Amino acid sequence: MRVKSSNNCNPELHKAGAEMGPPTDVQIVTSDANTIAAHSSVLSSASPVLERMIDRARKGWNSDSTIRILGVPSDAVVAFVQLLYSSRMVPLSSPEIEDVLDQHCLQLLAMSHKYRVPSLKRSCEEAVAVQLTPDNAVDVLKLAKLCDAPRLYQQCVQLVAKDFLAVQESDGWKFVQRHDMMLELEILQFLEDRDERKKRWKQQREAQKVYQELSEAMNCLHHIFADGCPEMREPCTRFESCQGLKLLMQHFATCDKKLARGGGGCLRCKRMCQIFRLHSSTCSESKSCRVPFCSHFKTKTQAEKLDKTWRLLAKKVATAKVMSSLANRKRPEEVDQSWAKYMRRK
């Protein structure tokens, strides 16, 4: 490979191209009329698009097989051709290659996409991602869309969402506001969706916490009545809610308002009745359960049709109960040994 009128060539990469034995047979013309002499075999093997361009040039009247790579600076074109040569001999992760990628990563990403060089495109995406800042995030985002780079696009969007105040001060964002309403709307829509997802995840976490607490209350009932909690008058060391539940049951046993009809009645007693009812909805023991009112509520449930909300609550609590038991279950020794062996390999 020979470069005319170019003063910015990496000597290591130029050496990789110079070692090609046969004479050059293709001329590459850049935007500022510089020419690069190259080997058609190297270009064709690296890029199917360049292969078609070379074939068309040879079929025409131009016997010099001249092709044009326009729209980018000459230095970037030189770096692109050098990388096509060096990728045959030097890994793209080598230090000299990384220096070229860091210097021309945006232009190289565009060219590797246009001329379909996937290995170089992946390396360019990684190099561009390292250089992402709030100032260039919007510009890189537009390039990622044009170059069909979804991972890079996602990284840009995440950076925009993370530091949107700084992105708003960038020239890229101001340009988008003036000239690209669709992209501005797309970014704002992503920010709104992200906020909605955060709210939804927060609500789900809070609901899951409630289901987990109710599941613990169900286990605590079984612990008190079926297992027989030995610490009836002292705080229980097994369940945090055990003592509070025992105090609530003591109140339920002595309260005179629990049988009040109409809109009156004791709220604490109503809560205790709901806990007993929820236990009966999740209890798998038909007649042997020792928890009070379990069979009573089961019979009442069979006679009356439960509403959909209560069935869903019972299902969620039962699921949380199963998941909690799985999380607390001791792992088999074989699993621990396999995991330790896997971690040693890493």
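Modeller: Happy to! Let's start with charged pairs: the side chains of aspartate 195 and arginine 194 form a salt bridge, at 3.7 Å from N to O. By salt bridge I mean a side-chain nitrogen of Lys or Arg within 4 Å of a carboxyl oxygen of Asp or Glu. Aspartate 195 is partly exposed at 36% relative accessibility, and arginine 194 is partly exposed too, at 23%. Here buried stands for under 20% relative accessible area and exposed for over 50%, with partly exposed in between (1.4 Å probe, protein chains only).

A word on the ground rules before we go on. This is a predicted model, in which local features need pLDDT of at least 70 and side-chain atom pairs count only at pLDDT 80 or more, while totals for chains, interfaces and linings use all residues. Residues are numbered from 1 along each chain as its sequence is written, and side-chain values use heavy atoms, leaving out hydrogens and water.

The whole structure holds four salt bridges. In general, side chains of opposite charge can pair when their charged atoms come close. Another of these bridges joins lysine 142 to aspartate 139, with 4.0 Å between the closest N and O atoms. Both residues belong to helix α7 (residues 137-146), and because they are three residues apart, about one helical turn separates them. Helices (H or I, at least four residues) and strands (E, at least two) are DSSP runs, numbered from the N terminus. Aspartate 139 is partly exposed, its relative accessible area being 37%.

Glutamate 186 and lysine 145 meet through their side chains in a salt bridge of 2.9 Å, N to O. Since glutamate 186 lies in helix α11 (residues 181-228) and lysine 145 in α7, this pair ties together parts that are 41 residues apart in sequence. Glutamate 186 counts as partly exposed at 30% relative accessibility, and lysine 145 counts as partly exposed at 43%.

Now for the buried residues of α7: Ala137, Val138, Val140, Leu141, Leu143 and Ala144. Their cover includes α5 (95-114), α6 (118-130), α8 (150-162), α9 (164-168), α10 (171-179) and α11.

Just past the end of α7 comes aspartate 148, with a positive phi of about 55 degrees, although aspartate 148 is not a glycine. This residue sits in the loop between α7 and α8. Aspartate 148 is exposed, at 54% relative accessible area. Phenylalanine 293 also has a positive phi without being a glycine, near 65 degrees. Its place is in the loop between α13 and α14 (294-303), and phenylalanine 293 is partly exposed, with a relative accessible area of 40%.

Helix α11 leads us on to another helix. The buried residues of α12 are covered by elements that include α11 and α13 (267-282). Those buried residues are Cys242, Leu245, Lys246, Leu248, Met249 and Phe252. Seen down the axis of α12, they fall within an arc of 160 degrees, so they line one face of the helix. The arc is taken from the directions from the helix axis to the C-beta atoms. With 13 residues, α12 (residues 242-254) reaches 19 Å from its first C-alpha to its last, close to the 18 Å expected at 1.5 Å a residue; that expected span is 1.5 Å times one less than the number of residues.

Of its 346 residues, 38% count as buried. Among contacts with a separation of 6 or more, 59% are between residues 24 or more positions apart, a contact being heavy atoms within 4.5 Å.
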